[in-house]
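Could you walk me through this structure in my viewer? I'd like to know what to select at each stop and what I'll find there.

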Amino acid sequence: MAVAKVEIYTRWGCGYCVRAKALLDAKGVAYTEYDTTMGGEPRAEMLRRVPGAMTVPQILIDDVPVGGCDDIHALDRAGKLDAMLGIAA
């Protein structure tokens, strides 16, 4: 199984962003982080990719939006996150 491409849109000082990244770090998953703190192009790109997204983090796995911190923790509790990430359970 190939490891998934993971991207996360964050903002400085966001506790939910820290928690989401900590979960991915604990699983040993590499991810690309985009900082939307100052708005501009990173935030505009986030809104193009995840229409209606008003909060961070916004997490994409293989270009599919999966939500934010609570969402990936729920996927993990349900035993679905590892398969989505392409890592051994």
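Trace the chain along its sequence and the pattern reads β-α-β-α-β-β-α-α.

A quick word on what's on screen: this is a predicted model, where local features need pLDDT of at least 70, side-chain atom pairs count only at pLDDT 80 or more, and totals for chains, interfaces and linings use all residues. Residues are numbered from 1 along each chain as its sequence is written, and side-chain values use heavy atoms, with hydrogens and water left out.

Now switch to C-alpha atoms, which fill a box of roughly 40 × 25 × 20 Å along the principal axes.

Next, color by burial: 39% of the 89 residues are buried, meaning under 20% relative accessible area with a 1.4 Å probe, protein chains only.

Select V6, I59, I61, I72, L81 and L85. Within the largest nonpolar core, of 15 residues, these have the most contacts. Such a core is a set of buried Ala, Val, Leu, Ile, Met, Phe, Trp, Tyr and Cys residues joined through side-chain atoms within 4.5 Å. Two or more of its residues come from each of β1 (6-10), α1 (15-26), β3 (58-61), α3 (69-77) and α4 (81-85).

Zoom in on L81. Leaving aside residues up to four places away in sequence, L81 touches L23, K27, I61, I72, L75 and D76, a contact being heavy atoms within 4.5 Å.

Last stop: select C14, M46, V56 and L60, which are among the 8 residues of another core, lying apart from the largest one.

Terms used
Helices (H or I, at least four residues) and strands (E, at least two) are DSSP runs, numbered from the N terminus. Buried means under 20% relative accessible area, exposed over 50%, partly exposed in between (1.4 Å probe, protein chains only).
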